[in-house]
Amino acid sequence: MKNTTQAETSAQTKTPATQSILKYVAWCKEQGKRPQDAQSLQEYGIKDQKGSFELMPKFSNVKSFYNKANIIQNGATLTLRSYNTNILNFNIITKQITWLCNKEWAYTLTTNRHINEFLKQNNQPALTKKEILKFAGVA
């Protein structure tokens, strides 16, 4: 039986997009390059890594979000989409969050669950509804 390191075990529990980015960051360290350099992204092939997948609950007490929460990957950027509304972009390398929707009606209780599940899966702190509305520019 193969022994796995803690980093390998952690990488196995990440989303497909996060796994590819973790490999990319490790490659940058080996090459002595800065991960956020666009040239490094192109050399590694991140630009070709696109796709979407369903957000699966790992920290919530629900079985599924029933395809109401999706993640769209475009290079190092993950977009959280909840109920067909793009909610936020998250850059896996820089950890920068960009809020995309400034409509209060979009931040329902369920969407807030999607946001916090997404943030926790990407090693970010969970937010209260008040914090979400403030950061999104609604409140």
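Which strands and which helix do the buried residues of H4 pack against? They pack against strand E2 (69-74), strand E3 (77-82), strand E4 (85-91), strand E5 (97-99) and helix H5 (129-135). Here buried means under 20% relative accessible area, exposed means over 50%, and partly exposed lies in between (1.4 Å probe, protein chains only). Let us walk through the model with that helix as our guide.

A word on reading the model comes before the tour. This is a predicted model, in which local features need pLDDT of at least 70 and side-chain atom pairs count only at pLDDT 80 or more, while totals for chains, interfaces and linings use all residues. Residues are numbered from 1 along each chain as its sequence is written, and side-chain values use heavy atoms, with hydrogens and water left out. As for pLDDT, the predictor's confidence in each residue from 0 to 100, its mean over the chain is 78, and 70% of the residues reach 70 or more. Residues 1-13 fall below 50, and this stretch has 8 contacts in the model beyond near neighbours in sequence; contact means heavy atoms within 4.5 Å. Where pLDDT is low, the predicted coordinates should not be read in detail.

Now for the overall plan. The chain has 5 helices and 5 strands, in the order α-α-α-β-β-β-β-β-α-α from the N terminus. These elements are DSSP runs numbered from the N terminus, with helices (H or I) of at least four residues and strands (E) of at least two. Of the 139 residues in the chain, 39% are buried.

Back to H4, which covers residues 109-121. Its 13 residues should span 18 Å at 1.5 Å a residue, and its end C-alpha atoms are 18 Å apart, which agrees; the expected span is 1.5 Å times one less than the number of residues. Among the buried residues of H4 are Thr111, His114, Ile115, Phe118 and Leu119. Thr111 has a relative accessible area of 2%, so it counts as buried. Leaving aside neighbours within four places in sequence, Thr111 is in contact with Ser82, Tyr83, Ile87 and Ala106. After H4 comes Asn123, with a positive phi near 55°.

The largest nonpolar core has 22 residues, and Leu55, Leu88, Trp99, Tyr107, Ile115 and Phe118 have the most contacts inside it. E2, E3, E4, H4 and H5 each supply at least two residues of this core. Such a core is a set of buried Ala, Val, Leu, Ile, Met, Phe, Trp, Tyr and Cys residues joined through side-chain atoms within 4.5 Å. Beyond residues up to four places away in sequence, Leu55 touches several residues, including Phe65, Ile71, Leu80, His114 and Phe118.

The strands come next. E3 and E4 pair in the antiparallel sense over 6 bridges, where pairing requires that DSSP finds at least two bridges. Arg81 stands opposite Asn86 in E4. The hairpin of E3 and E4 has 2 residues between the strands, and Tyr83 there takes a positive phi near 50°. Asn84, in the loop between E3 and E4, also has a positive phi, of about 65°, although it is not a glycine. At 66% relative accessibility, Asn84 counts as exposed.

E4 also runs antiparallel to E5, joined by 3 bridges; the partner of Asn89 in E5 is Thr98. Their hairpin has 5 residues between the strands, among them Lys95 with a positive phi near 65°.
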